[in-house]
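Notebook open, model loaded. Here is what I looked up, entry by entry.

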Number of protein chains: 2
Amino acid sequence: MADASRAAKAGGSAPRKRADARRNERALLDAATAVFATSGVEAPVREIASRAGVGVATIYRHFPTRADLIAAVYRHQVEACAEAGETLLAGGGSPYDALGRWVNRFVDFVATKHGLASVLQSDDPAFQSLHAYFLDRLVPVCSDLLRAAADAGEIRAGIDAYELMRGVGNLCIGAESDPRYDARRLVELLVAGLRRTA
Amino acid sequence: MADASRAAKAGGSAPRKRADARRNERALLDAATAVFATSGVEAPVREIASRAGVGVATIYRHFPTRADLIAAVYRHQVEACAEAGETLLAGGGSPYDALGRWVNRFVDFVATKHGLASVLQSDDPAFQSLHAYFLDRLVPVCSDLLRAAADAGEIRAGIDAYELMRGVGNLCIGAESDPRYDARRLVELLVAGLRRTA
DNA sequence: TTAATATACGGAACATTGTTCCGGTTAGCA
DNA sequence: TGCTAACCGGAACAATGTTCCGTATATTAA
């Protein structure tokens with residue numbers, strides 16, 4: 001197992017990349033993480049490449065679109081968020097409460113990543129796959145939470161998880177750069193609006 | 001008054017532009033209106049210039065920043081929206097109801113202008129003055145409506161007009177291009193969340 | 001260890017914008 | 001009719017995203 005030459009023993013897995021390729025991929029991921037944190041997720045490609053000490057073409061080789069790079073950088077956190085939703089749902093409290101907590105967690109994640117919220121809503125085709133990734137992973141979680149709350153009679157019917165996620169994501173736009181705007185407060189209002197209207 | 005040579009009779013008003021300058025300004029406004037409607041408010045400058053039959057420098061001469069052009073194109077509608085708020089407030093109904101109607105009107109305006117909502121929230125300094133214009137004109141109106149509803153005890157306290165406007169604007173982003181996303185519904189939820197809690 | 005080859009690399013080159021500059025044109029006026 | 005200040009158009013410049021191509025190298029087989 002320690003020997004690198006025995007690759008691809010499992011089914012159709014890729015035939016293992018060259019060592020320099022793996023090194024560069026890691027360097028790019030690290031550089032992108034740092035640059036995204038300071039300059040936002042729309043920072044110039046050249047900046048990321050130079051920080052990683054590689055040429056621009058190397059970025060495109062490893063991450064065909066910017067969406068792939070962003071997804072790779074934040075994958076762990078998205079997964080953690082999705083799993084938190086499942087945990088929250090399983091924990092015995094009120095489903096509406098679980099929904100509220102989960103939404104807050106999502107906001108905490110998105111609103112602290114400079115520019116991520118905008119990009120998630122952008123209709124630029126370059127970001128379509130990022131959009132799809134977030135949605136595929138999180139909408140089902142949100143949907144479960146929503147259904148549970150609806151079944152418990154805590155919220156009004158007719159709310160779609162996709163729409164709610166987009167709404168929450170939208171409310172997070174610009175949250176980092178404007179001290180007068182608190183996305184959490186607005187999202188709280190939105191979630192409060194879900195409550196059953198008696 | 002019909003004679004053009006007697007200009008600037010009132011105080012510091014501009015000394016009247018040349019005829020070709022006025023003609024071009026009008027042509028640019030018309031072209032921008034058309035292009036914004038089809039390609040969105042972020043359409044390339046060259047597209048607007050060529051549609052107006054002028055060079056690009058002429059755009060910059062008349063509208064130093066894109067924000068100025070956008071503001072000029074939508075000024076009438078913004079004014080109308082602001083005035084509608086005052087009317088709604090004066091009309092004797094429930095203040096909360098008036099607020100809801102006014103917000104809906106604002107959404108109808110913003111959500112039908114391709115890309116306007118995004119640009120309104122953008123932190124690109126080029127749009128800062130547009131941002132300021134919308135806010136200066138509409139936040140006071142919203143503030144009055146909000147205060148009236150608060151005074152009537154219909155909504156919870158502590159809601160800031162600026163924050164609400166930004167939230168509503170944010171919710172309008174992407175509303176034109178996604179049939180699964182209905183900004184009006186989300187905004188309705190947000191406004192419902194304003195209701196006094198018990 | 002060495003040589004062959006597929007893989008990966010870097011940076012130049014190209015395309016698409018926004019923005020500014022400059023020489024020529026023209027409206028307004030005497 | 002001619003002068004001049006204002007205006008005009010398009011070329012030129014700058015900042016990006018994206019692609020191409022000759023070169024370098026990791027890997028493997030002899």
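**Entry 1: two helices.** At roughly what angle do the axes of helix H4 (residues 66–90) of chain A and helix H5 (residues 95–111) of chain A cross? I found roughly 170°, with the axes coming within 9 Å. Axes here are lines fitted to C-alpha atoms, for helices over the stretch in contact, and angles run from 0 to 180 degrees between N-to-C directions. H4(A) and H5(A) are therefore roughly antiparallel to each other (under 35 degrees counts as roughly parallel, over 145 as roughly antiparallel, 65 to 115 as roughly perpendicular, the rest as oblique).

Next I checked who touches whom, where contact means heavy atoms within 4.5 Å. On H4(A) the list includes Tyr74(A), Cys81(A) and Leu88(A); on H5(A) it includes Trp102(A), Arg105(A) and Phe109(A). By class I noted 10 nonpolar, two polar and two charged residues (Ala, Val, Leu, Ile, Met, Phe, Trp, Tyr, Cys and Pro count as nonpolar; Asp, Glu, Lys and Arg as charged; the others, Gly among them, as polar).

Entry 2: Residues are numbered from 1 along each chain as its sequence is written, chains are lettered from A and ligands numbered from 1 in the order written, and side-chain values use heavy atoms, with hydrogens and water left out.

Chain A has a mean pLDDT (the predictor's confidence in each residue, from 0 to 100) of 92, and 92% of its residues reach 70 or more. Over residues 1–12 of chain A, though, the pLDDT is below 50. Where pLDDT is low, the predicted coordinates should not be read in detail.

**Entry 3: the whole chain.** I counted nine helices and zero strands in chain A (DSSP runs numbered from the N terminus: helices are H or I, at least four residues; strands are E, at least two). UniProt, in an unreviewed entry, gives "domain: HTH tetR-type" for residues 22–81 of chain A; that span is 82% helix.

Definitions and conventions. Predicted model: local features only at pLDDT ≥ 70, side-chain atom pairs only at ≥ 80, totals over all residues. UniProt positions renumbered as here; feature names shortened; annotations may be inferred.
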